[in-house]
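This report describes how two chains are arranged and joined. Please consult the sequence and the model shown here.

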There are 2 protein chains.
Amino acid sequence: MSSSEFMEQLNQKALSLLQGDADKIEKLIEVQMENLATRKCPLYEEVLDTQMYGFSREVDFAVRAGLVHEAIGKEILSKLERNLAVLYEALNVKE
Amino acid sequence: MSSSEFMEQLNQKALSLLQGDADKIEKLIEVQMENLATRKCPLYEEVLDTQMYGFSREVDFAVRAGLVHEAIGKEILSKLERNLAVLYEALNVKE
């Protein structure tokens with residue numbers, strides 16, 4: 001395998017790991033959105049913020065290690081942040 | 001460059017990034033240890049805990065991406081955790 005094929009594989013793996021972690025946070029956001037009408041767990045926001053912070057550190061590391069393009073890393077994070085903002089807005093309306 | 005030389009370079013880069021981040025947390029611990037006698041910043045523990053969490057996510061990602069051996073990742077984290085424990089013990093003695 002050539003170095004470039006090898007790097008391609010590593011890039012794919014890194015992206016798929018990050019996407020998997022992003023999906024988990026996405027799922028947390030969805031669950032809380034579905035539960036808006038019934039109950040609000042006060043710890044949810046804190047858990048989500050912590051998860052987002054940890055995830056942003058993963059993305060940052062992947063970018064610095066040269067595994068993921070900076071623009072792609074930013075895109076993954078921005079998408080999550082937008083969904084999180086929608087959730088927080090919905091939570092504030094409920095309050 | 002062969003795939004194995006290439007991987008070697010990537011491993012070195014990943015390790016050096018992680019070590020740099022570990023050094024920053026180490027520095028935070030040292031600064032607080034030096035300030036024990038004079039003042040205690042109440043936010044220091046929270047900042048350190050957050051930094052440690054973010055760092056553990058970086059290490060975990062590097063291990064999952066196959067850039068760093070699990071044992072080495074654990075060792076870097078354990079060393080920081082031991083130093084942090086020494087700091088917290090010292091902080092509790094002062095209280």
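How many aromatic pairs does the structure hold over all chains? In this predicted model, there are two aromatic pairs over all chains, rings of Phe, Tyr and Trp (its six-membered ring) being paired if their centres lie within 6.5 Å, with planes under 30 degrees apart counted as stacked, over 60 as edge-to-face and the rest as tilted. The ring centres of A:Phe6 and B:Phe6 are 6.3 Å apart and their planes stand at 75°, so this pair is edge-to-face. Because A:Phe6 belongs to helix H1 of chain A and B:Phe6 to helix H1 (residues 3-34) of chain B, the pair joins two chains; helices (H or I, at least four residues) and strands (E, at least two) are DSSP runs, numbered from the N terminus.

Residues are numbered from 1 along each chain as its sequence is written, while chains are lettered from A and ligands numbered from 1 in the order in which they are written. Local features need pLDDT of at least 70, side-chain atom pairs count only at pLDDT 80 or more, and totals for chains, interfaces and linings use all residues; side-chain values use heavy atoms, with hydrogens and water left out.

**Interface**

Contact (heavy atoms within 4.5 Å) links 23 residues of chain A with 23 residues of chain B. The buried area, which is the accessible area (1.4 Å probe) that two parts lose on being put together, summed over both, is about 2100 Å² between chain A and chain B, and carbon and sulfur atoms give 64% of this area. A:Arg57, A:Phe61 and A:Arg64 supply 28% of the area that chain A buries against chain B, more than any other three residues.

**Salt bridges**

A salt bridge requires a side-chain nitrogen of Lys or Arg within 4 Å of a carboxyl oxygen of Asp or Glu. The structure holds 18 salt bridges over all chains, and eight are counted between chain A and chain B. Two examples follow.

| Residue pair | N to O distance |
|---|---|
| A:Glu58 and B:Arg64 | 3.3 Å |
| A:Glu26 and A:Lys79 | 3.9 Å |

**Symmetry**

A rotation of 180° with 0.0 Å of shift along its axis superposes chain A on chain B (RMSD 0.0 Å), using least squares on the C-alpha atoms of residues with pLDDT of at least 70 in both. This is the relation of a two-fold axis. The same surface serves both copies, as 100% of the contact residues of chain A recur in chain B.
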